[in-house]
Amino acid sequence: IEKIVLFLLEQQGQLANRLCDLRQQHDVILQLSHGGSKICELQEAYRGVGHDLLRLLFFVEMNAIGLRKILKKFDKRFGYRFTNYYVKTRANHPYSQLRQVFRHVGIGAVVGAISRNLADLQDHQGNYVSIYDQPALSHPDPIVHSIKAAVNKLSNSTNFLEFLGKHAFIMQDDLRSPSEDDVAEQRYHFMSLLLNLVNTFLYMVNTYIIVPTADDYSLSLGAAATVCGVVIGSMAVAQVFSSVYFSAWSNRSYLRPLVFSSIVLLIGNTLYALAYDLNSIVVLLVGRLFCGLGSARAVNRRYISDCVPHKLRMQASAGFVTASALGMACGPALACLFQTDFKIYKLTFNQETLPGWIMAISWLIYLLWLSISFREPPQEIKQDIIPQEARAGTVVNYAVENGITQPLLLSTEPKQGENGDQEYDDGEEESCEKTRKPVTSIVSAYRLLTPSVKVQLLVYFMLKYAMEILLAEASVITAYYFIWSTNSVAIFLACLGLTVLPVNIIVGTYISNMFEERQVLLASEIMVLIGILLSFHIGIPYSIPQYVGSALITFVSAEVLEGVNLSLLSRVMSSRLSRGTYNGGLLSTEAGTLARVIADGTITLSGYFGVAKLLNATLVPSLFICISSIIATCFTYNSLY
């Protein structure tokens, strides 16, 4: 640690000397009337200091990881938490060298000098307007964003916006090269991003708007109330397949998949509404299948990942999650407004058909807006080949500057390391092109999944299964036990949906800063288990407080679990799954969609035992899957940590 700290201070001093020299040149250039070329050279010199600071941060991060692994070895061999004692006694001492590594005081001063001088050179030539007095006038350089990202990663800091961004599970590189940032700037279009977020919102509304009335609609067509599981789940069945072809289609275009999605959803909702007058459960299911075939969430994720600049991607990812949460809450809430019954030209408009008609009109309006306002981004030309001069002695610097975060010296046989990632001994040099090349098949993607990633996907499957069971059977359970009306069910589901953002605020702002993500993960799983156990109807009469309380515990705990789970997934999943058709977002979407399909099928199959046994029959599989995920989590992380 002493070597790290002294070397860090020495390097910071050298950077400070370079900044002092550049500042003298800066003052001379600003006095010249024609200093355009000199200003460009000076800007590049400041960026060069920034790149050297990035390399220094990577040096500190590698040593911090090494220190943590050494302490973990002591924990494992001593049989008790030596790490806690070591950090507590060293970090709080007035002469602490350990604290110097994580305080970043000197680094902050260097970043401030680079940012301030670049802003002066870029926007305020001769005006002498300080970025401290008018922060809105400052346009930070990409290198400043990269440094801030590296500092945040090193200090493991988090906030609400970052937590929401990870919740979206939009895979992204840690640091992008300047050329990649320029390409993203050219491809970015605010209205196109907004249209993608509106697509996300409308699709989530489309998914949940029928939940309060699905059982009544099934009864109106002569089917059992529990057929609502098939009605709701048929959309998820189609989504399993649509996610793959939409992800592949987005490699070539973004506009055409969105247009196709809108048309298919328009047809699907129209068929859903017409099924009532046709008195056909088949038409109803076909309509919902069409709705699932129009799921463009893979396109929405890919657009944010590929076409939004790095500095805006966290905000866009948070917007994606917010749009999904609002859609989930607005869907059931809208169902409260459809308590009417009338006919126009033999077409029936009531609480069962109006969700279909309203969504069909919404998708038609969206299609027109999309056709007018969406701008197809230019095709990205990928160049992942390392220049000749970057080989041999300078390969390390090239890798750092281009955001290649995989190990540079590798052996042919990887071994399991921290978080289940693959680690390599010193030996052969891994090809940077292979490191960044996306996978081309689902089999290749599966081979890249480490044990910890598989456990995280199992946890994601479990929480989606438990949430779908709770939401999809709510109308049947509440009608049987409490004789709730459609309005009551819709309000209850809307209130559950409205808890998503407040819960994420609490977790992202406070809990994730107080506890390790692994601890929050396990605690959330246990709370989901408690919620499931409290939901069972055994012996005593089933009451509204028991149902509402257990549902709230299950749903809120699952929401916390989803955010933490996807945050961990984004860190332990291979970087090769950050792009391409078979990316990490697609894998997580498929796991969650498959869970919803099985959950909805479970509801329908359990209906054959009668509504009286439906609740317990659907909770037993949830209980089994939850216990399995807890055991897998404990086993995996005990072996890794």
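Buried residues have under 20% relative accessible area, exposed residues over 50%, and partly exposed residues lie in between, judged with a 1.4 Å probe and protein chains only. By that scale Cys330, with a relative accessible area of 29%, is partly exposed.

## Basis of the description

This is a predicted model, in which local features need pLDDT of at least 70 and side-chain atom pairs count only at pLDDT 80 or more, while totals for chains, interfaces and linings use all residues. Residues are numbered from 1 along each chain as its sequence is written, and side-chain values use heavy atoms, with hydrogens and water left out.

## Overall make-up

The chain contains 27 helices and six strands, taken as DSSP runs numbered from the N terminus (helices H or I with at least four residues, strands E with at least two). Of its 641 residues, 51% count as buried, and the accessible surface comes to about 29,200 Å², with 63% of that belonging to carbon and sulfur atoms; such areas follow the Shrake-Rupley method with a 1.4 Å probe, and for residues only the protein chains shown count as cover.

## Nonpolar cores

A nonpolar core is a set of buried Ala, Val, Leu, Ile, Met, Phe, Trp, Tyr and Cys residues joined through side-chain atoms within 4.5 Å. The largest one has 114 residues, and Leu193, Leu493, Tyr547 and Phe555 are those with the most contacts inside it. Helix H20 (residues 451-472) supplies the largest share of this core, 15 residues. A second, separate core of 26 residues has Leu15, Val144, Ala150 and Val151 among its members.

Contact here means heavy atoms within 4.5 Å. Leaving aside residues up to four places away in sequence, Leu493 touches Val211, Pro212, Pro332, Leu471 and Ala474.

## Tyr366 and its surroundings

Tyr366 is placed in helix H16 (residues 354-373) and is buried, with a relative accessible area of 2%. Its partners, not counting residues up to four places away in sequence, include Leu195, Asn196, Leu258 and Ser262. Although Tyr366 and Ser262 are 104 residues apart along the chain, their C-alpha atoms are separated by 7.5 Å.

## Cysteines

The structure holds zero disulfides, a disulfide being a pair of cysteine sulfur atoms within 2.5 Å. Cys495 is in no disulfide, and the nearest cysteine sulfur, that of Cys336, is 9.1 Å away; Cys495 is itself partly exposed, with a relative accessible area of 44%.
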